[in-house]
Amino acid sequence: MIHFVLLISRQGKVRLTKWYSPYTQKERSKVIRELSGVILTRGPKLCNFVEWRGYKVVYKRYASLYFCMCVDQEDNELEILEIIHHYVEILDRYFGSVCELDLIFNFHKAYYILDEILIAGELQESSKKTVARLIAAQDSLVETAKEQASSISNIIAQATK
Amino acid sequence: MALSGMRGLSVFISDIRNCPNKEQERLRVDKELGNIRTRFKNEKGLSPYEKKKYVWKMLYIYMLGYDVDFGHMEAVSLISAPKYPEKQVGYIVTSCLLNENHDFLRLAINTVRNDIIGRNETFQCLALTMVGNIGGREFAESLAPDVQKLIISSSCRPLVRKKAALCLLRLYRKNPDVVNVDGWADRMAQLLDERDLGVLTSSMSLLVALVSNNHEAYWSCLPKCVKILERLARNQDVPQEYTYYGIPSPWLQVKTMRALQYFPTVEDPNTRRSLFEVLQRILMGTDVVKNVNKNNASHAVLFEALALVMHLDAEKEMMSQCIALLGKFIAVREPNIRYLGLENMTRMLMVTDVHDIIKRHQAQIITSLKDPDISIRRRALDLLYGMCDVSNAKDIVEELLQYLSTADFAMREELSLKAAILAEKFAPDLSWYVDVILQLIDKAGDFVSDDIWFRVVQFVTNNEDLQPYAAAKAREYLDKPAIHETMVKVSAYLLGEYSHLLARRPGCSPKEIFSIIHEKLPTVSMSTVAILLSTYAKILMHTQPADPELQNQIWAIFNKYESCIEVEIQQRAVEYFALSRKGAALMDILAEMPKFPERQSSLIKKAEDVEVDTAEQSAIKLRAQQQQTSTALVVADQSSANGTSPVNQLGLVKVPSMSSSVDHNSTDPGMAQPNGTLTKVDPQPQPPSPSPSPDLLGDLLGPLAIEGPPVDGESEQNVVSGLEGVAAVDAAAIVPVTVQTNAVEPIGNIAERFHALCLKDSGVLYEDPYVQIGIKAEWRGHHGRLVLFLGNKNTSPLVSVQALILPPSHLKMELSLVPETIPPRAQVQCPLEVMNLRPSRDVAVLDFSYKFNTNMVNVKLRLPAVLNKFLQPITVSAEEFFPQWRSLSGPPLKLQEVVRGVRPMPLLEMANLFNSCHLMVCPGLDPNPNNLVASTTFYSESTRAMLCLSRIETDPADRTQLRMTVASGDPTLTFELKEFIKEQLVSIPIAPRPPAPVPPTPSVAQPVPPAAPSNDPGAMLAGLL
């Protein structure tokens, strides 16, 4: 299973963290510190796997961002590597040629999308189309609610509460 | 600039980004936290939109690495908001900020449950996602039934069901009891018929977790997994959106193959055939392509297929295909594939016996040890470690030593531990072992744990031949200008004990030895000083006649340490000083250290411990562990059974040298014991001895076996026990010196091992604390070749080894020469040729004996050269079967019998049993589904290849009885085969052997019935059972 997902920029800034195994706040920052130290210093032509504390971290660099997933030692590394790419492709499709800035300002969207791809550290959906459809449906739900909230009756209701 | 859709949040993020330094950033964050805190305090004025915004800001700050110790309640409370946007934020932020043990989560259980069982699909999804990501035990207990309902509900859409499946997986991991196996196994099988691939992918992950704990319950899922694999990999029958770079969901393929690896085997021949077809297609059809992602995906599938093939113990041909592939992979430039090639080759070593083929790649693997990528270097190290055996240990260990000087820090500890273990396990001779360890200490002293040098001392103490060599080596290292403290310890110890053996060599007079050791004293720690004091005392003792100058020097040192603050050292100094004034009496008290009891190397133990620390069980590990108990030559803790250990405890008592002419000719058949028990050979009646039971002793020695330092603390014990020892010697003098005859307990059940080997061709036949006998067999027609692997598990040689084969009359057997001595930790292979003359169920026996220390051990073992080994399954079509069946019209060629007392088993299991005995079940020949028809070919010299047919008619109402018909062209064969099948059906594994077989109808043409039982050792053994 995937124990956690990290998105780290080349400067070591954290762009997203998702933990599927229980880590305390202290452990979380320690893990991030250690792994950024290991992964960011690796050269470009090395393999995409790092052995770390009895686990394996599968990572891939896209422009200035490192996508990392920590899995058990006997998990299939290439499968995880392609889950990363699957996620990146969906982000790309959603934002239209995604860049780090998109993920900085819309980090919550990155979380929504990740939740449609992984649950419990396992792959939930491998169809990009299905994920895109579900995210679009969520967005429109939020939009509708916003419109309702801004309609005049709501403003009145709010004011007289 | 992309915007978050929440202006306040975007502004805050921009501000943070514009901060010129960390200090400014902290100020900005603190300001925001203060703001959020005050807003949350006055919650009334907070609109849902604002609440949402602040909660996101909190998460952002948290992600930046700042502690956010408030506001969790606000995040959790959003979960119960009525509207989707707030609820969504509540769920997501809660699952990011909190972990499963957080108290606040408990408060939300009710709301979450209402969302799960409610009718609102979007709320269901949110709730399932959060529980799936951070649900703990409490969630598991209260929500599992509801989640299970959702998975199988026909009214739920796939988007809910796939989330429910993974949610249940999470809950199951937290508490396996929440899934009731009885009810759920069938549901799980149904789930695998699902057409929606999202639901199927999630369900497969769930299945992997379930079967990893209990594969038996989910047996019915196995054929379905194979179907799914066929659908994906062969038929490519998936919607376009589920292909990934043209590959039908690689993830589902991988998961499915992973699930299959948890089933011990695939028994149904049809399913097995289909599965192998698919696997073959994957192995052969995966090419390297330009597109990275396509390449990765197809190789993800390929590597999983490799793992599955290894697990299924496929035919040789397929295995060699796999190894060829891996051999190719470890030589490619693409680092990922090379990494995985090395990794999988290591796994392959654990599962099957492919050492020889992998050894061909040794040079390539050694190059990878120098790769710029540490991940690859690690894999190469592991593989070299795994593939090392007696034949290549020297090369590999020397390679590792060489690499040690340049290896990165992160790897040195592992590297030196592995080199030490290999040197110990596979040393071709012990002086090489000493060389390696001393080099290791010299090159990487900091990384050589105490265990390692204790072990050298133990080896040297126990092997007299080695002592002068080790002492000379230690002396050489002392000449180096700067040596590691561990080197000081080990050389001081060795020279203290054995430097007198070097006395005539230049630079090795007691004085010179003393002064070169004493040079190091100012630089070492207290624990080493203690060792040095002992060394001085020993040097003094060995200097006969006494050298007054040396004596004064050493006495002065003892004097100095008599007031040492360290109590251990003070004690030693006082004692040694007093003792060394006693003159000749010193000789008795400070004599050479006694031999150590044989014990498991704590290094190897350590290495094993490291391997079992990850929590989740994996198929590979499970298999590796099983394998380890069967083929690995690991030293067990055998101190308990060693008869000499109580003597050793007395320190100074010399172990009476054992007489070499021990009577061990117990081959008299009359004395033969039932197979499986050990014969104690008592040349003389033992006087009642006060030795405790071996088990008890084992327990007492257990904790000590952690390689206590031979000097620290033990010297006092020696002083005391030495005095007692004198008395003990006196006491012993009046008792005739007898051979110690403690029984040696076999490890594992011998009968079970035998029965397992009847159905497979390699494994362990026998094991006890000293020796392991493995067997590997190949059968071709009526010829067979068995190889016996006799392994000595100890650091001392096994002597008087004898292996006699007692063949039954129908087998011609020739055992090649068995060496009389098996060197320490070596394995010898003894091929055994077998020829089957005629059909018989009698069994050959191996009479094996050896002597270890003073123990004479003798065992009689049945050899798995049994009837079914000379059978070769054959498929027969209806057109061939019926004419044959009819032409063999009745007794004695065709025999029928109603068998009662059959072990009740489902028909499928019976079919599996037949197949595993090489009787090929031919489905479809008999129209009655309760019947079973099987065919096979039997090979012997007298019958040549002969077709045998059989038919079993079972009674569905009473599974304990059946009617069996067996037919062949030879009456003895028909009879023997019928009895053989009966034995298999009546009670397995140990079939009570019927009295000497009497063919039912005497016939003129019939060959002689099997030899009388008195000449057949197998029958005799069985008769005694």
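How many of the eight residues of strand β11 (residues 855-862) of chain B are buried? Eight of the eight are, so β11(B) is largely enclosed by the rest of the structure. Buried means under 20% relative accessible area, exposed over 50%, and partly exposed in between (1.4 Å probe, protein chains only). Strands (E, at least two residues) and helices (H or I, at least four) are DSSP runs, numbered from the N terminus.

This is a predicted model, in which local features need pLDDT of at least 70, side-chain atom pairs count only at pLDDT 80 or more, and totals for chains, interfaces and linings use all residues. Residues are numbered from 1 along each chain as its sequence is written, chains are lettered from A and ligands numbered from 1 in the order in which they are written, and side-chain values use heavy atoms, with hydrogens and water left out.

In β11(B), B:Asn855, B:Val857, B:Val859 and B:Leu861 point one way. B:Met856, B:Asn858, B:Lys860 and B:Arg862 point the other way. Strand β10 (residues 845-852) of chain B pairs with β11(B) in the antiparallel sense, over eight bridges. Strands pair if DSSP finds at least two bridges between them. B:Phe848 stands opposite B:Val859 in β11(B). Two residues lie between the strands of this hairpin, and B:Asn853 takes a positive phi near 50° there.

**The interface of chains A and B**

The size of an interface is often given as the accessible area lost when the parts come together. Between chain A and chain B the buried area is about 6,600 Å², and carbon and sulfur atoms give 53% of it. Buried area is the accessible area (1.4 Å probe) that two parts lose on being put together, summed over both. In chain A, A:Glu51, A:Glu74 and A:Phe105 lose the most area to chain B, together 12% of what that side buries. In total, 69 residues of chain A are in contact (heavy atoms within 4.5 Å) with 87 residues of chain B.

Polar contacts across this interface come to 38 residue pairs, both residues at pLDDT 80 or more. A polar contact is a pair of N or O atoms within 3.5 Å; within protein, one must be able to donate a hydrogen and the other to accept it, and residues adjacent in sequence count only if both atoms are side-chain atoms. Helix α5 (residues 128-150) of chain A gives the largest share of the side of chain A that touches chain B, ten residues. That side divides into 28 nonpolar, 17 polar and 24 charged residues. Here Ala, Val, Leu, Ile, Met, Phe, Trp, Tyr, Cys and Pro count as nonpolar, Asp, Glu, Lys and Arg as charged, and the others, Gly among them, as polar.

**Salt bridges**

Side chains of opposite charge can pair when their charged atoms come close. A salt bridge is a side-chain nitrogen of Lys or Arg within 4 Å of a carboxyl oxygen of Asp or Glu. Between chain A and chain B it is seven. Some examples follow.

| Salt bridge | N to O distance |
|---|---|
| B:Asp373 and A:Arg42 | 2.9 Å |
| B:Arg173 and A:Glu122 | 2.6 Å |
| A:Glu125 and B:Lys162 | 2.7 Å |
| A:Lys18 and A:Asp115 | 3.2 Å |

The pair of A:Lys18 and A:Asp115 links distant parts of the chain, 97 residues apart. A:Lys18 lies in strand β2 (residues 14-19) of chain A and A:Asp115 in helix α4 (residues 107-117) of chain A. Both A:Lys18 and A:Asp115 are buried.

B:Arg173 lies in helix α9 (residues 158-174) of chain B and A:Glu122 in strand β7 of chain A, so this pair joins two chains. B:Arg173 is partly exposed at 25% relative accessibility, whereas A:Glu122 is buried at 8%.

A:Glu125 sits in the loop between β7 and α5 of chain A, and B:Lys162 in helix α9 of chain B. A:Glu125 is buried at 1% relative accessible area. B:Lys162 is buried, also at 1%. Shared partners join A:Glu51, B:Arg378, B:Arg379, B:Asp382, B:Glu414 and B:Lys418 into one salt-bridge network.

**Backbone details**

A:Ala120 has a positive phi near 55°. A:Ala120 lies in the loop between β6 (118-119) and β7 (122-123) of chain A, and is buried at 1% relative accessibility. B:Arg944 also has a positive phi, about 55°, although it is not a glycine. B:Arg944 is exposed, with a relative accessible area of 52%. The peptide bond from B:Pro891 to B:Pro892 is cis, with omega near 5°.

How values were computed:
Contact means heavy atoms within 4.5 Å.
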